[in-house]
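Let's take a walk through this fold together. Have the sequence and the model open side by side as you read.

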Amino acid sequence: MANVTQAAKVGIFFAVSAVAGYFVYSKVGGSARTGDAYVVHAYIKDATGLANHSRVTIAGIPVGTIDAIKLERGMARVDIRVKNDVALFENASAGKKSASLLGESMIVLTAGTEGGRKLKEGDEIHNIVESASTDQIMNDVARIADRVKLVAEQLAASIGTDQGGENMRR
C-alpha cells in the first residue's frame, strides 16, 4: 500500500508540474504562438549575436521575438514575429542593438508613423538602422591612435629640444 501511495504522489506531482509548465509557457511564450502574432522581415548586413527567439523591442518594451534568421541576397534575412496588438507602419525601422556584454544582440523596432499603411504578415521593413560593429569601432580607435601618435611626435620634435624649450619660454 505504501508503494502505491508513493507512486500516486509522484504521479500527482508530475501532473501538477505539467499543468504549471504549460501555464508558464502560455504566458511567457505567448507571442510565439501563430494566432497571437504576425511575421515581418528585414534584411540586415550583420546578424552577429542574434539567434532564434531573441528579443524584439520597441522603446525597451518586448513586442516579439526573432522567428528565423537565414542568408538571402547576400544579407541576413531576419523574420520578426510581432504581437498582434502592436501595429507597425510602412515607415517602421529595425536595427540591431547589443543586449549584453557577452555578445548577445536583439532587434529594436520603431513603429513608424500612424496613418500610413500598416504592415501585415510577410511584409518587409525597409528602413534599417545600422550601428557600428565592434570591428568598425576598433578600426576607428586605431586610426585615432595613429593620428595622436603623429601629433605627439610633431610636438616632441618642436619643443622637445633645447631650442624648442627656449622658444616656448619666450
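Where is the place of T57? You'll find T57 in strand β2, where strands are DSSP runs of E with at least two residues and helices are runs of H or I with at least four, both numbered from the N terminus. Before going further, a word on what you're looking at: this is a predicted model, in which local features need pLDDT of at least 70 and side-chain atom pairs count only at pLDDT 80 or more, while totals for chains, interfaces and linings use all residues. Residues are numbered from 1 along each chain as its sequence is written, and side-chain values use heavy atoms, with hydrogens and water left out.

Back to T57. Its relative accessibility is 3%, so T57 counts as buried; the cut-offs are under 20% relative accessible area for buried, over 50% for exposed and partly exposed in between, with a 1.4 Å probe and protein chains only. Leaving out residues up to four places away in sequence, T57 touches P62, V63, M106, I107, V108 and L109, a contact being heavy atoms within 4.5 Å.

Now zoom out. The chain has three helices and seven strands, and reading from the N terminus the order is α-β-β-β-β-β-β-β-α-α. Of the 170 residues, 26% count as buried. Among contacts with a separation of 6 or more, 62% come from residues 24 or more positions apart. The accessible surface comes to about 11,800 Å², with 60% of that belonging to carbon and sulfur atoms; these areas come from the Shrake-Rupley method with a 1.4 Å probe, and for residues only the protein chains shown count as cover.

Next, the inside. In soluble globular proteins, nonpolar side chains tend to be buried together. Here the largest nonpolar core has 22 residues, and V40, I80, V82, L88, I107, L109 and I125 are the ones that touch the most other members. The elements giving two or more residues to this core are β1 (37-44), β2 (55-58), β3 (61-72), β4 and β6 (105-110). A core in this sense is a set of buried Ala, Val, Leu, Ile, Met, Phe, Trp, Tyr and Cys residues joined through side-chain atoms within 4.5 Å. Pick V40 and look around: apart from neighbours within four places in sequence, V40 is in contact with V78, D79, I80, V82, L88, L119, K120, D123 and I125.

Charged side chains deserve a stop of their own. Side chains of opposite charge can pair when their charged atoms come close. The structure holds nine salt bridges, each a side-chain nitrogen of Lys or Arg within 4 Å of a carboxyl oxygen of Asp or Glu. In one of them, R81 pairs with D67, with the closest N and O atoms 3.1 Å apart. That pair links distant parts of the chain, since R81 sits in strand β4 and D67 in strand β3, 14 residues apart. R81 is buried because its relative accessibility is 10%, whereas D67, at 29%, counts as partly exposed.

R73 and E124 make another salt bridge, at 4.0 Å from N to O. This pair also joins distant parts of the chain: R73 is in the loop between β3 and β4, and E124 is in the loop between β6 and β7 (127-129), 51 residues apart. R73 is exposed at 60% relative accessibility, and E124 is partly exposed at 23%.

Then there's R77, in strand β4 (residues 75-83). With 18% relative accessibility, R77 counts as buried. R77 forms a salt bridge with D79, the closest N and O atoms being 2.8 Å apart, and D79 is buried as well. The side chains of R77 and E72 are joined by a polar contact of 3.5 Å, meaning a pair of N or O atoms within 3.5 Å, where within protein one must be able to donate a hydrogen and the other to accept it, and residues adjacent in sequence count only if both atoms are side-chain atoms. Beyond four places in sequence, R77 touches H41, A42, Y43, A68, I69, K70 and E72. The C-alpha atoms of R77 and I44 are separated by 6.6 Å, though the two residues are 33 apart along the chain.

Finish on the outside. L155, I159 and M168 form a nonpolar surface patch with about 290 Å² of accessible area together; patches take residues with over 30% relative accessible area and no salt bridge, joining like charges within 9 Å and nonpolar side chains (Val, Leu, Ile, Met, Phe, Trp, Tyr) within 5 Å. M168 lies in helix α3 (residues 162-169) and, at 58% relative accessibility, counts as exposed.
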